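Colleague: I have this one open in the viewer now. Could you walk me through it?

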Amino acid sequence: MGGAGGGGDDVKVLGTWASPHTLRVRLALHLKGVSYHYVEQDPNKENTTGELLLPGNKQPVMMIHSGTPVCESSNILQYINDIFAGDLLPADSYERAAARYWADFIDDTLVDAMYKAAWGKTEIEKAEGKNQEAAAVRALEGALRECSTPFFGGKNAGYVDIVLGSLLPWVHSTDATRGVKTFDHAMTPLLAVWTDRFCELKAAQSVMPDVTKEVDFAMAMSLHRSAQRERANCYILWYISIFCTVPILFMISMLL
């Protein structure tokens, strides 16, 4: 993979195809024209679907540049922006701060809501997640409206576009499994058009995972989580039955 931004053998990315955090790092490198060597990790090892989605220390992504490791996708994005040619953030100080705000909003608010809506422990929690997700999407629709440009970053995709764009495979896969459309042309027309425009980028097309593969993975992991929850419930019922049965047997033995 060639690129005007340099890189080559000096840049290595370790991650998994199923992780949005890995995807955003690869998107940033592609948009900057930086060549790199990608090493795929096992997406099933020590991770569930939710853990792959959420930010934090479980992110299965690392970039190594000239022997120096950089961890956590937001740190890696900032590093890429500082080290390699081109700027993913606006030149204006206020606009740079706004871009960082919306990037944090996506990670802290939208992602948490998506997680709750898709993998909440109860139907009530899932319903709350759906409402929070809808509110977050409306806020992003308003932010894009204020930009009055094709992308959050202006005429070209930038920092916020990368952060939100890295979630699109998960959005599409969870939409398919839940029978909904998060970025709907009727409710959020600007985000719907933005989605199509972002997916048409050469940088996106070269690294975006196949939606069908993503759906299959999400469904498999969802079944895995359901099985884990059912086993946990069985253990709880077993302990309850023991707790209730032992005193009764003791009482019977005392009466005999």
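This is a predicted model: local features need pLDDT of at least 70, side-chain atom pairs count only at pLDDT 80 or more; totals for chains, interfaces and linings use all residues.

Colleague: Fine. How many helices and strands are there in the protein?

Modeller: The protein has 10 helices and 4 strands, and from the N terminus on the elements follow the order β-α-β-α-β-β-α-α-α-α-α-α-α-α.

Colleague: And what share of the residues is buried?

Modeller: Of the 256 residues in the protein, 43% are buried. The protein exposes about 13700 Å², and 58% of that area is supplied by carbon and sulfur atoms.

Colleague: What about contacts between residues 24 or more positions apart?

Modeller: Those pairs account for 72% of the contacts in the protein, when contacts with a separation of 6 or more are counted.

Colleague: Which residues have the most contacts inside the largest nonpolar core?

Modeller: That core has 52 residues, and those with the most contacts inside it are Leu29, Leu110, Leu164 and Phe198. Helix α4, which spans residues 93-119, gives the most to this core, with 9 residues.

Colleague: Going back to phenylalanine 198, what does it touch?

Modeller: Leaving aside residues up to four places away in sequence, Phe198 touches Leu27, Phe151, Ala157, Asp161, Ile162, Gly165, Leu168, Ala204 and Met208.

Colleague: Last one: what follows α7?

Modeller: Glycine 179 follows α7, and its phi is positive, near 70°.

Notes
Residues are numbered from 1 along each chain as its sequence is written. Side-chain values use heavy atoms; hydrogens and water are left out. Helices (H or I, at least four residues) and strands (E, at least two) are DSSP runs, numbered from the N terminus. Buried means under 20% relative accessible area, exposed over 50%, partly exposed in between (1.4 Å probe, protein chains only). Contact means heavy atoms within 4.5 Å. Accessible areas come from the Shrake-Rupley method with a 1.4 Å probe; for residues, only the protein chains shown count as cover. A nonpolar core is a set of buried Ala, Val, Leu, Ile, Met, Phe, Trp, Tyr and Cys residues joined through side-chain atoms within 4.5 Å.
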